[in-house]
Amino acid sequence: MNTKDIIKRNRELQVFLNTHNEKVYENMVVYIRLNSLSERVTEETLLEILEHLIIGQQKGGRNLWL
């Protein structure tokens with residue numbers, strides 16, 4: 001998967017976040033993008049966080065990472 005595909009996948013998955021986790025994810029996006037990581041590493045990291053948030057929600061975790 002190239003970087004553009006990862007970015008696209010991130011956008012597709014964001015719609016599955018509940019309101020609280022969407023705000024948490026947005027804060028993580030800002031924090032991670034402010035670091036000096038490559039674009040690919042940044043997007044891979046965000047995708048991994050996003051996948052974990054969604055899995056947690058599916059397992060009944062309403063508000064993750066308070």
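## Helix α2 and its cover

In this predicted model, the cover over the buried residues of α2 includes α1 (3–14) and α3 (39–58). The residues of α2 that are buried are N21, V24, Y25, V29 and I32. They lie on the same side of the helix, because the arc they cover around the axis is only 145 degrees. The opposite face, turned away from the buried side, holds the exposed residues T19, K23, N27, V30 and Y31.

## Geometry and start of α2

Helix α2 runs over residues 19–33, 15 residues in total. From first C-alpha to last, α2 reaches 21 Å, close to the 21 Å expected at 1.5 Å a residue. At the start of α2, the backbone nitrogen of H20 has a side-chain oxygen of N18 within 3.2 Å.

## The nonpolar core

Twelve residues form the largest nonpolar core: I6, L13, L17, Y25, V29, I32, L46, L47, I49, L50, L53 and I54. Each of α1, α2 and α3 supplies at least two residues of this core. The largest share comes from α3, with six residues. Y25, V29 and I32 belong to this core and are also among the buried residues of α2.

## E43 in helix α3

E43 is placed in helix α3. E43 counts as buried because its relative accessible area is 4%, and the cut-off for buried is under 20%. With neighbours within four places in sequence left aside, E43 is in contact with T3, I6, I7, N10 and R33.

Conventions: Residues numbered from 1 in each chain as written. Predicted model: local features only at pLDDT ≥ 70, side-chain atom pairs only at ≥ 80, totals over all residues. Heavy atoms only, no water. Helix = DSSP H or I, 4+ residues; strand = E, 2+ residues; numbered from the N terminus. Expected span 1.5 Å × (residues − 1). Buried < 20%, exposed > 50% of the residue type's maximum accessible area, 1.4 Å probe, protein only. Arc of directions from axis to C-beta. Contact = heavy atoms within 4.5 Å. Polar contact = N/O pair within 3.5 Å; in protein donor to acceptor, adjacent residues only side chain to side chain. Core = buried A, V, L, I, M, F, W, Y, C linked by side-chain atoms within 4.5 Å.
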